[in-house]
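Please review the briefing below alongside the sequence and the model. The points are grouped by topic.

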Amino acid sequence: MSDAAAGRTPSLLQQILVRFFAVVLIGALVAMASYVLVRPIELDYELEELAAEFESRLHDLGREGRRRVVELEMDRTLLARLHAINELHLRLVDPRRGHVLFAYDHDAAAADVMTSIVDWPPGFFELGEPDVVSEPEYGFIDIIRTPAGIPVKFVARRGPPTAHDYLYWVVAEFGYELLPMFVSVVLVGSAAAALAVRRAFRPLSRISERAAAIHPGSDARLPTDDVPAEILPLVEAVNRALDRLQLALERQRRFTAFAAHELRTPLAALRARIEGLPERLPEKRALVGTIDRMAHLVEQLLAVARLESGLLVPEEELDLRDLVREVAEDFAPLAAERERDLAVELPDRPVPARVHRDSLTRALVNLLDNAVKFAPPGSEVTMRLEENGTVAVLDRGPGLDGADLEELFRPFVRRRPRAEDPGGSGLGLAIVRDVAEIHGGCATARPREGGGAVFEIRIPVRGSAAP
């Protein structure tokens, strides 16, 4: 089991049911204690079970003349049970002739106490003087039978109850009378509590579904209608937090627009001034390259800001083949200028997807720019679209041996030192990863067989085109 699973907090339903069971258990214990304290002890359970034990040990041995012979199976277990009963006197009597078939007395000197009760009718009785405060004695008479149906009278008399008797009575009383009621209360109560809790939690399920549909920049809020009073403060607090988040996103959007205006315009003016310098100046080409790199960095920073603002939502339905083809056609002149060949592989069937066109286009351009940058002159860069929505860009560059593939997609991480890649911003692959995530996909990198690297962005497809 994982640490997360081991430390998972039980659901509210589980906690409520556990507490309900604890309350019922405590209530049952209190009720049982009150029952024991208020109700006088009953010893018929033990004497009835003893009579049943003797009945199970009677065996018919047939006839000897006109008599039927009955055997009692006696062993140490039964003797120990008889010894455990306080001041027990017991007789097995032939009810037709009055002969005593078996006798047990805890004190042989007191055996005559049984003489007066042997002829009493079956039943449980109490012996004691009404005006005497001492504990009374108890007796039990029953007719038990041998397997052949021969009747035998069971007559038992015992002394006042001991602690053992009280424990035996409580267990017997609970098992025979209280346990079925307790189990019924627990089962019915637990079922009723579960249904009541589930019904009470329905507004929470509705709130959870509504919360899952809220995306950054959305004006939607959690509903407060029909929300339990205990949950309403939490829902209102979440709505206030969403309001603050919305305000922060609006400020971020204004900052992005302001930065785009303030950074792009001066760079464009500076580049125009440099372009107007005489061609004979040796610094002109270097200055133009520097301005282009600064402009590229500004564009990447603005792209990151827009992605992190959460305002980009995939809402446009299109065929990914058309978008990949369009990006490849627009990038082909730049690849040719850098002396790299660009190949495009597209599936025969449409690859429908819901995308944010501008952000996905930038991500694909970043992948191509990264591949062309590292591929040697004269080599081929391949852009391949698969039917499952994966766009792979393959190059024959230095490869990714020994590289931390997850680290490559973090901001300002480079495949090679800055001195070897002065034009890179370190943001291209980070943008690819963010674009993949806002589309519900992922971005990965792996070494290419035979040398080079493969960078992929997976966009969930719609309809039957998905494998």
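In strand S7, Lys 153 is the bridge partner of Val 93. The model is a predicted one, in which local features need pLDDT of at least 70, side-chain atom pairs count only at pLDDT 80 or more, and totals for chains, interfaces and linings use all residues. Residues are numbered from 1 along each chain as its sequence is written, and side-chain values use heavy atoms, with hydrogens and water left out.

**Strand S7 and its partners**

- Strand S3 (residues 89–93) pairs with S7 in the antiparallel sense over 5 bridges; two strands pair if DSSP finds at least two bridges between them.
- Strands are DSSP runs of E with at least two residues, helices are runs of H or I with at least four, and both are numbered from the N terminus.
- Strand S6 (residues 137–145) also pairs with S7 in the antiparallel sense, over 8 bridges, and Tyr 138 stands opposite Arg 158 in S7.
- S6 and S7 form a hairpin with 5 residues between them, and Gly 149 in the turn has a positive phi of about 90°.
- Strand S7 (residues 151–158) is mostly covered, with 8 of its 8 residues buried; buried means under 20% relative accessible area, exposed over 50%, and partly exposed in between (1.4 Å probe, protein chains only).
- In a regular strand the side chains alternate between the two faces of the sheet.
- From S7, Pro 151, Lys 153, Val 155 and Arg 157 point one way, while Val 152, Phe 154, Ala 156 and Arg 158 point the other way; all are buried.

- An open sheet of 5 strands has the order S9-S11-S12-S14-S13, with mixed pairing.
- Strand S9 (341–345) and S13 stand at the edges with a single partner strand each, so one side of each is left without a neighbour in the sheet.
- On average, neighbouring strands of this sheet are turned by 15° against each other, direction ignored.
- Strand S12 (residues 390–395) pairs with strand S14 (residues 453–458) in the antiparallel sense over 6 bridges, and Phe 455 in S14 is the bridge partner of Val 393.
- Helix H10 (residues 357–374) packs on the sheet and touches S9, strand S11 (380–385), S12 and S14; the direction of H10 makes about 175° with that of S14.
- Axes are lines fitted to C-alpha atoms, for helices over the stretch in contact, and angles run from 0 to 180 degrees between N-to-C directions; contact means heavy atoms within 4.5 Å.

- Of the 11 residues of H11, 8 are buried, so H11 is largely enclosed by the rest of the structure; among them are Leu 429, Ile 431, Val 432 and Val 435.
- Just after H11, Gly 440 takes a positive phi of about 80°.
- His 439 lies in the loop between helix H11 (428–438) and strand S13 (442–447), and counts as buried because its relative accessibility is 8%.
- The side chain of His 439 reaches the backbone nitrogen of His 356 at 2.9 Å and the backbone oxygen of Val 435 at 2.7 Å.
- Leaving aside neighbours within four places in sequence, His 439 is in contact with residues including Pro 314, Arg 354, Ser 359 and Ile 459.

**Arg 448**

- Arg 448 lies in the loop between S13 and S14.
- Arg 448 is buried yet has no salt bridge, and the nearest side chain of opposite charge, Glu 380, is 6.1 Å away.
- A salt bridge is a side-chain nitrogen of Lys or Arg within 4 Å of a carboxyl oxygen of Asp or Glu; Lys and Arg count as positive, Asp and Glu as negative, and His and the chain ends are not counted.
- Not counting residues up to four places away in sequence, Arg 448 touches Leu 394, Asp 395, Arg 396, Ala 453 and Val 454.

Terms used. A polar contact is a pair of N or O atoms within 3.5 Å; within protein, one must be able to donate a hydrogen and the other to accept it, and residues adjacent in sequence count only if both atoms are side-chain atoms.
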